[in-house]
Amino acid sequence: MLRLTLAMARKDLSLTLARGSGLVQALLLGLLLLFVFSLSQGVGERMTPQSAAAVFWLSSAFCQVLIFNQLYALEEANNARLGLLLCPAPIQAVWLGKGCAGLVLLLLAQVIFLPAGVVFLGQELSGPLPQALAALALTDVGMCAMGSLLGALAQGQAARESLLSIVLFPLLTPLLLAGISVGAQALGAPSADGPGVWLGVAAAFDAVFLGAGLLLFGHIYAGDE
């Protein structure tokens, strides 16, 4: 299973980075959202840390939708999904491999989104950075676990391409709230609860999403075959 997981992640990263189109579209969409929201502030005004963190995670969420649509479309073009289903290895390795590839691509995008958000939205990092990095990692893992699961559900028919965003965003709301809350504290917003509570929420939802992926992916990915 580990061998297929690593092979799938390596293959998806190689194809996506070599072509560049899918990642570039995701980056441009995220940067466009950051720039458009920066225009909502008047000259000399500064967006609140809570709002800036929300814009950052909104950009990341839309970027994630494009990334997983692209990753699962790689097998749809030549009907290579059947070959993966016939591979003598647990099918969950496909979910894990695509989730790992999506996580790497999302982190690459966020490396660009973070400085862009600081510049466009007039922010500065002045809060608990270790906790903010932990929240970033936990939120990204949960987003990619669920994105990889629902990405398989959204493939197969052109009319279902929008299904990923429709189903995904309500499920990700608790994770996004955790990322926004800890991110706002990292940008200097005061909080009575501290980041520990939200880190626990993110870890709990990560466990739920990872368990759901392991249990349900085989049924979802083989559903049309």
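Predicted model: local features only at pLDDT ≥ 70, side-chain atom pairs only at ≥ 80, totals over all residues.
Tutor: Contact means heavy atoms within 4.5 Å. Residues are numbered from 1 along each chain as its sequence is written, and side-chain values use heavy atoms, without hydrogens and water.

Student: Which element of the chain has the highest mean pLDDT?

Tutor: The chain has a mean pLDDT of 83, and 89% of its residues reach 70 or more. Among its elements (helices are DSSP runs of H or I, at least four residues, numbered from the N terminus), the lowest mean, 73, belongs to helix 4 (residues 81-86), and the highest, 90, to helix 5.

Student: Which residues of helix 6 meet helix 3?

Tutor: Helix 3 and helix 6 (residues 129-153) pack with their axes (lines fitted to C-alpha atoms over the stretch in contact) 9 Å apart, at about 35°. From helix 3 come Phe-56, Trp-57, Ser-60, Ala-61, Gln-64, Phe-68 and Tyr-72. Their partners in helix 6 are Leu-136, Thr-139, Asp-140, Met-143, Cys-144, Gly-147, Ser-148, Gly-151 and Ala-152.

Student: How are helix 3 and helix 5 oriented to each other?

Tutor: The axes of helix 3 (residues 49-76) and helix 5 (residues 92-120) come within 9 Å and cross at roughly 140°. Angles under 35 degrees count as roughly parallel, over 145 as roughly antiparallel, 65 to 115 as roughly perpendicular and the rest as oblique. The two helices, helix 3 and helix 5, are therefore oblique.

Student: How many nonpolar residues does the contact of helix 3 with helix 5 have?

Tutor: Helix 3 contributes residues including Phe-56, Cys-63, Ile-67 and Leu-71, and helix 5 contributes Trp-95, Leu-105, Ala-109 and Phe-113, among others. Two charged and five polar residues take part, and the number that are nonpolar (Ala, Val, Leu, Ile, Met, Phe, Trp, Tyr, Cys and Pro) is 14.

Student: How many charged residues are in the contact of helix 5 with helix 6?

Tutor: The axes of helix 5 and helix 6 come within 9 Å and cross at roughly 135°, which makes helix 5 oblique to helix 6. Helix 5 brings residues including Lys-98, Gly-102 and Leu-106, and helix 6 brings Asp-140, Met-143 and Cys-144, among others. By class, the residues of this contact divide into 10 nonpolar, four polar and, as charged, two.

Student: How far apart are the end C-alpha atoms of residues 52-74?

Tutor: The unreviewed UniProt entry annotates residues 52-74 as a "transmembrane region", and also residues 166-186, among others. Residues 166-186 are 100% helix and 0% strand, with end C-alpha atoms 30 Å apart. Residues 52-74 are likewise 100% helix and 0% strand, and their end C-alpha atoms are separated by 34 Å.

Conventions: Axes fitted to C-alpha atoms, helices over the stretch in contact; angles between N-to-C directions. UniProt positions renumbered as here; feature names shortened; annotations may be inferred. pLDDT = per-residue confidence, 0-100.
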